[in-house]
Amino acid sequence: MRPRSIRARLTVSYILLASVCLVLAATYVTWRLQAQYTNTYRRVILTQSILIGRMLDWYAHEGLSTDRLERLAQEFRWRPDAIIRVVPFAGLAESPAPELRAVADCITDTVRQGRADRESLLKCPSQSLRTDEVTGKPRVFAAAPVMKDLVPVAAVHISVPTGWVWVQLQGMLPQLGLALALGLLVAVILGTRFARGLVEPIAELTQVASRMSAGDLSRAVRPWGTDEIGRLGEMFNRMAEQLQGTIATLTAERTKLAAIVSGMVDGVVAADRQGVVLLANRAASEMLRQAGSTGNGEGVQPAPGPRLRALLADAASYGRISAEELPPSEVGDRLVEVHCAPIAGDGGAPIGAVAVLRDVTELRRLERARRELTANVSHELRTPLTSIKGFAETLLAGAVRDETTARHFLDIIDKEADRLVKLVDDLLDLSRLESKRLSLELGQVDVGTLVAETVARLRPLAGARDFQVGPAPQDVVAIADRDRLAQVLTNLLDNAIKFTPEGGRIAVGWRAANGEVEISVADTGPGIAEVDLPHVFERFYKADRARPATPGGSGLGLAITKHIVEAHGGRIRVNSAPGRGTTFTFTVPRDGD
């Protein structure tokens, strides 16, 4: 099984490499020893042949025959497998043994060259290493001449097997094996230390890289010298520092961008080319009623609403910039204006789209209110102005000479002018109230006294109507602007007088409860239809839409009343039904002392 760790693989590879090198070295040494021993053995055999030849020279001088010389030569055999022969010189040239032919050729050449001295002839012995034709095994052959008075008479031919060489080598094999074992042991120790020294920096780099992948960039790699691994560790530390700085910068930029996008009043939606939402801030989530979106808005949900998806897809696919108001089916009861633009990639091609959503509900309401205000003001001004202009033209046409008619017309013009002045004053008051520019002079107001004064001032207008005040608790003190509170009571009582028929009843009451003063004005008039109740505090709402004909009015009184009450931190409500009269109730803060 292949080792899994790099340390084990390095150790095994090092040991295998060392083993192969040791085996190759042992093989080479054995081969060289065998060659050296063989050469030495050949020289020894050659020397033996020369010595035997010299010994036989003396016997040849005595005239012994070749057969006698061969029997004497057998006495010099030092091992059983050694073969010693004495071959007559006459048969050397035709001998199949190359070493014998070499001896014959050497002696012949020496004699031919006239150098037939003992020293020259002693150089003619020959030896060879070849396979024996009889046994088929390698043997060492050597031949030396036998001379009689410097005349060669025969040659000593010795043949021995090469087994002695292998016997000598076998004696050295245990020592060679021990050397191999020691070498392998040293290779294992050195390989283990080498692998550990090489793997430890890599293991530390792996551990630091693992912690970096988990987001921990604080740990650095120890220096491991100046080699490649040391430089790698240094570059790794430098990369971690730069990466930490880059991540810190990106995090800060992302935090700032998220804070900006999240804090924007306008909604922001970013999507890729497939329409998957990449970012949607809280404002966009609220506008689109997209549950589950958070402040940073990352998710994988598609953009809500078919029209918004179509605009994003158009910008992401074709790079078009568009602006459109989303239909109510996508945003509920809100009016949302969307501006869509593409997001360009590195090559300039669009890779997504971003949409900016703006809630224009209030803007459209204000535009509609402005148009309605203009229409209502124009309508309210047209009647008194037409009346004034008509009577003025009549007077200019000659009616001024009739004192009675002129006075009557001037009285009507004066009333219509007062009506215009009141309308303009009400509009100015309402404008200040709606723009929060009205300053209240708060103080302690005795509610009972204020109600009594207001009722007394308006009682002459009530005619035959029954005015009922109280009974109510005494010493009820409110914290309010006295004049503005009197204005509220005046508006409510004036409406009650206008819409209560002769013989009807108007009741004013007040009480203190839960830190507030609650004041109510009730009448027994015709009442207000349920469908009109939500609109009674709107500007230019005419009470005669739900009641019988009234003596006029601008329709601003209840709107001003509501704003004054809310400016005090109070509330106002109406309870009415057709034929059951109407009750207005409002609250103001109570004096806590």
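User: Two strands count as paired if DSSP finds at least two bridges between them. Which residue in strand 14 is the bridge partner of A512?

Analyst: This is a predicted model, numbered from 1 along each chain as its sequence is written; local features need pLDDT of at least 70, side-chain atom pairs count only at pLDDT 80 or more, and totals for chains, interfaces and linings use all residues. Side-chain values rest on heavy atoms, leaving out hydrogens and water. Strands are DSSP E runs of at least two residues and helices are H or I runs of at least four, numbered from the N terminus. Strand 14 (residues 516-523) runs antiparallel to strand 13, joined by eight bridges, and the partner of A512 is V517.

User: Which residue in the turn between strand 13 and strand 14 has a positive phi?

Analyst: The two strands form a hairpin with two residues between them. A positive phi of about 55° belongs to N514.

User: What is the bridge partner of D466 in strand 13?

Analyst: Strand 11 (residues 466-469) runs parallel to strand 13 (residues 505-513), and four bridges join them. For D466, the partner is R505.

User: Why is L182 called partly exposed, and what is its relative accessible area?

Analyst: L182 lies in helix 5 (residues 163-213). Buried means under 20% relative accessible area and exposed over 50%, with partly exposed in between (1.4 Å probe, protein chains only). L182 is therefore partly exposed, at 49%.

User: How many strands does the protein chain have?

Analyst: Buried residues make up 36% of its 593 residues. Its secondary structure comprises 14 helices, and its strands number 16.
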